[in-house]
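Please open the structure in your viewer and keep the selection panel at hand. The stops below can be followed in order.

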Amino acid sequence: GHKIRERLELTDQRVFGFIGTFSTWHGVELLTRAILEFYDRADADPNVHFLLIGDGPLRNECQEIIRQSKYGDKVTFTGRVAQHQAPYYLAACDVFLSSHIPNPDGSDFFGSPTKTFEYMAMGKPIIASKLGQMEFLLEHKRTAWLVEPGNRQDLLLAIQTLLTDRALREKLGKNA
């Protein structure tokens, strides 16, 4: 991930990363709003950067929300990356995000947890929604920090907690 961090000028940043399809079920709108709220806090760490990897129907909307804010330089949208390049982008991240939300129609959430396995294989901490398969694959405070699906404040607490607790970050990454 060093070359990616250098190219994106993130060498001295704590990088929170998401990879996937920018669609409703991945909670990218929630994540985008949480990012803005994170930086609006008086105690926001200026050395935090969000790396959002992927493409999909909501990417332009999320990008526009960030572009219209004063935090455009704190978030990088890569767009689609080649599959063989994805591990390098993941390696550039310090903490992974998986902020899935419940299905709007109330039906049971089901998603292939490929992203979760990729995150786990990297040996870095994960913030994930306690939803569907993630709830069964990951254990709160043991292999990941699980948040209530759709709860922006819970997501913000998780980001802040993992930002400031190095021992917990290391423990979660190792255990995953």
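**A charged pair to begin with**

Select D94 first: in this predicted model, D94 is partly exposed, with a relative accessible area of 25%. R5 belongs to helix α1 (residues 2-7), while D94 sits in the loop between α4 (86-91) and β4, so the pair ties together parts that are 89 residues apart in sequence. R5, for its part, is buried, with a relative accessible area of 11%.

**Other salt bridges**

How many salt bridges does the count come to? The count comes to 7 salt bridges, and two further ones deserve a selection of their own. Go next to D55 and R59, which form a salt bridge whose closest N and O atoms are 3.4 Å apart. Colouring by accessibility will show D55 as partly exposed, at 27% relative accessibility, whereas R59 is buried, with a relative accessible area of 18%.

Then select R166 and E170, whose side chains meet in a salt bridge at 2.8 Å, N to O. These two residues are 4 apart in helix α8, and are therefore separated by about one helical turn. R166 is exposed, with a relative accessible area of 57%, and E170 counts as partly exposed at 47% relative accessibility.

**Around helix α8**

Stay with α8 and display the whole helix, residues 166-175. At its start, look for D165, where a side-chain oxygen reaches to within 3.3 Å of the backbone nitrogen of A167. Which residues of α8 are buried? They are L168, R169, L172 and G173, and because they cover an arc of only 130° around the axis, they lie on the same side of α8. To see what the buried residues of α8 pack against, show strands β1 (14-19), β4 (95-98) and β6 (145-147), together with helix α7 (152-164).

**The nonpolar core**

Now move to the largest nonpolar core, which has 56 residues, and select F16, F50 and I127, the members that touch the most others in it. Helix α2 (residues 28-40) gives the most to this core, contributing 8 residues. As a general background to this view, nonpolar side chains tend to be buried together in soluble globular proteins.

Centre the view on I127 and display its neighbours. Leaving aside residues up to four places away in sequence, I127 touches F16, V95, F96, L97 and S98, as well as W145, V147, L155, A158, I159 and L162.

Conventions
Residues numbered from 1 in each chain as written. Predicted model: local features only at pLDDT ≥ 70, side-chain atom pairs only at ≥ 80, totals over all residues. Heavy atoms only, no water. Core = buried A, V, L, I, M, F, W, Y, C linked by side-chain atoms within 4.5 Å. Buried < 20%, exposed > 50% of the residue type's maximum accessible area, 1.4 Å probe, protein only. Contact = heavy atoms within 4.5 Å. Arc of directions from axis to C-beta. Polar contact = N/O pair within 3.5 Å; in protein donor to acceptor, adjacent residues only side chain to side chain. Salt bridge = Lys/Arg side-chain N within 4 Å of Asp/Glu carboxyl O.
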